[in-house]
Amino acid sequence: MHSSSNKNRVWSSLEEHCKGISKKSLTELFDENPNRGSDFSTSFEDLWVDISKQLVDSTTIELLSDLAEESKINQFFLDMMAGSPVNSTEKKPALHTALRAPKDSKILVEGTNVIPRITETLEKMEEFSHLIRNGKLLGSTGAPITSVVALGIGGSNLGSSMAHKALSKFSHAEMTIRFCSSIDALDLDQTLDGLNPETTIFIVTSKSFNTRETLLLMENARKWLEDSAVVTELSKHFVGITGSRDKALNSGLKESMIFDLPDWVGGRFSLSSAAGLVLMISIGSDEFSHLLAGMNKIDNKTVSESFESNGTLLLALTDIWNRSFLDYPTMAVIPYSSQMSYFPPYLQQLMMESLGKNNRTSEHEFGNSVGSVIWGSTGTESQHAFFQFLHQGTDVVPCEMLGFSSSYDHSHQELQNSLFANLLAQSEALAFGSGTGEKDLIREKKLDGNRPSTVILAPKLTPFILGQLVSLYEHRTVASGVIWGVNPFDQWGVELGKSIAIDIELEMNDTSSSKDATTRNSSSEKLLERFKIFRNT
Ligand code: F6P
């Protein structure tokens, strides 16, 4: 076993190395090595990962790879995929990879093979999605269900809504699929606008079946059905996807309409679980199986590929390099695809809920900052919104650009070429700038460049490719968490706010609160007072 001082040595070497390389520019690095474009890119299954425009050289990669090796990341992934309780604070496995493992796999959790349970759920999902897609699922009045409204929040919404939007070209033409996660009343009203209660089903996804927002949405959906006066058997209009079957049953859901969300799947890692049911209904079970196959490909590649060509690890290590050594606090994710517009918010939860942590294992007590602020938006639109800041702002923001070589069909290749031309142009401009050597040019027109970016290029946005991308980001997140020494699978930080909100709500509704109103802090008191004044006007 390597000692912590040994790990610190690698870290110190990286700090030393950083002092030298940060004096260089990307232009110099490209001049020094004419093969940089290929030396710092890797073909990773169907994805091309190019980190050549990051401020790294071969020594950086070697040292970062040493860091990864010291953290025994590969063994961590093998343990994770074998069902070991790698979620250390909650003492349970993180087995999202089992959900897309071949059906003849054997993965034991406390001595029981989890694959039969996964297969059973998947078959139930397939059967249900076939029924609904073929107009054979009937509502309470005997009318076929044609609209699906997915209710859920966080990991119970972000993955499936992102994928549904990304794969909209694969969506069932006659089905209406909508998502609602917000308890802003207008949002639910707009989601339900134009839908017929007789032909609408709600899919309520909540691992805990305890999330206030989701339960409120379900309650309001129920009222909407009741108000129609035609829907009498409400349970025919609700599906539950949960790890808390009892709570779902107590809420009036039918046993046969509940799909299992195992305890060992984290919400933000749950797209390949029953939480993907709404996506399966949208794209069909065949395409859904392609999504799972894509994920499984990257799962296998991540644990089998050597460090220097391992796309997952290169991305994780670049994240650590940019955050902990170059001190860049944020990363912008820019997909050059309107279909991928929900990808940045999806990644916000995946990466920030996993890595936004200050409790590190003692052997990792080196370096200060862990995890980056993830933000971003689609390509050309953001060029006309916030790219000025990226090119000339006083802070450097590493960018990650995602591109696709072809559009959903070949008839629009010209537009696709233009999208990629823009992607490439921006990554070039960020890296190399312009006008720095021109004496007569006014300062305002000069772009210093030296702003790092990564490009991830894929052939086409299909379920198979999206699966690869999702798995790539899942594992990259886990890898950087493990190397940084935080548990990427828990999220204790969000619990406090939830309980305070319940308390305040009780108080606002004039019900008894566990906290005496007068003991709340003066800011909250004043705000509550003002809220009540505004509410009554
Ligand atoms: O508040 C954070 C969180 O616990 C997420 O991790 C999770 O994805 C989300 O809430 C929703 O939780 P649930 O699926 O239990 O409703």
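User: Where does glutamate 213 lie?
Analyst: Glutamate 213 lies in helix H9. Keep in mind that this is a predicted model.

User: Buried or exposed, or partly exposed, glutamate 213?
Analyst: Glutamate 213 is partly exposed, at a relative accessible area of 28%. That value falls in between because buried means under 20% and exposed means over 50%.

User: Which residues is glutamate 213 in contact with, leaving aside its neighbours within four places in sequence?
Analyst: With those neighbours set aside, glutamate 213 is in contact with Ile153, Ser181 and Ile183.

User: How many residues apart in sequence are glutamate 213 and isoleucine 153?
Analyst: They are 60 residues apart in sequence. In space, the C-alpha to C-alpha distance between glutamate 213 and isoleucine 153 is 7.4 Å.

User: Moving to the strands. How many residues of E7 are buried?
Analyst: Strand E7 covers residues 200-205, and six of its six residues are buried.

User: Which residues sit on each side of E7?
Analyst: Thr200, Phe202 and Val204 are on one side, with Ile201, Ile203 and Thr205 on the other, and both faces are covered.

User: In which sense do E5 and E7 pair, parallel or antiparallel?
Analyst: Strand E5 (residues 147-151) pairs with E7 in the parallel sense, over five bridges. In that pairing, valine 148 stands opposite isoleucine 201.

User: And how many bridges between E7 and E8?
Analyst: Four bridges, again in the parallel sense, link E7 with strand E8 (residues 238-242). Isoleucine 203 has valine 239 in E8 as its bridge partner. To get from E7 to E8, the chain crosses through helix H9 (residues 212-227), and this β-α-β crossover is right-handed.

User: OK, ligand time. Which residues come nearest?
Analyst: Of the 14 residues around the ligand, the nearest are Gly155, Ser156, Ser206, Ser208 and Thr211.

User: Which atom of glycine 155 lies 2.7 Å from an oxygen atom of the ligand?
Analyst: A backbone N or O atom of glycine 155 is at that 2.7 Å distance from a ligand oxygen. From a side chain, an N or O atom of glutamine 349 is 3.2 Å from an oxygen atom of the ligand.

User: How much of the ligand's accessible area does the protein cover?
Analyst: The protein covers 86% of the 390 Å² of accessible area that the ligand has on its own.

User: Switching to helix H7. Which residues there are buried?
Analyst: Leu158, Gly159, Ser160, Ser161, Met162, Ala163, His164 and Ala166. Helix H7 spans residues 158-166 and is mostly covered, with eight of its nine residues buried.

User: What about threonine 302, buried or exposed?
Analyst: Threonine 302 is buried, with a relative accessible area of 1%. Its place is in helix H12 (residues 285-304). Not counting residues up to four places away in sequence, threonine 302 touches Phe44, Asn74, Phe77, Asn310, Thr312 and His475.

User: And serine 65, where is its place?
Analyst: Serine 65 is in helix H4, and counts as buried because its relative accessibility is 9%. A polar atom of the serine 65 side chain lies 2.7 Å from the backbone oxygen of isoleucine 61. Leaving out residues up to four places away in sequence, serine 65 touches Phe307 and Leu317.

User: Now backbone angles. What is phi of lysine 72?
Analyst: It's near 55 degrees, a positive value in a residue other than glycine. Most residues other than glycine have a negative phi. Lysine 72 lies in the loop between helix H4 (58-70) and helix H5 (73-82), and is partly exposed at 38% relative accessible area.

User: What's phi of glutamate 110?
Analyst: Phi of glutamate 110 is near 50 degrees, also positive. Its place is in the loop between strand E3 (108-109) and strand E4 (112-113). Glutamate 110 is exposed, with a relative accessible area of 81%.

Key
Residues numbered from 1 in each chain as written. Predicted model: local features only at pLDDT ≥ 70, side-chain atom pairs only at ≥ 80, totals over all residues. Heavy atoms only, no water. Buried < 20%, exposed > 50% of the residue type's maximum accessible area, 1.4 Å probe, protein only. Helix = DSSP H or I, 4+ residues; strand = E, 2+ residues; numbered from the N terminus. Pairing = 2+ DSSP bridges. Right-handed = clockwise from strand over helix to strand, strands pointing away. Near = heavy atom within 4 Å. Polar contact = N/O pair within 3.5 Å; in protein donor to acceptor, adjacent residues only side chain to side chain. Areas by Shrake-Rupley, 256 points an atom, 1.4 Å probe, with all protein chains shown as cover. Contact = heavy atoms within 4.5 Å.
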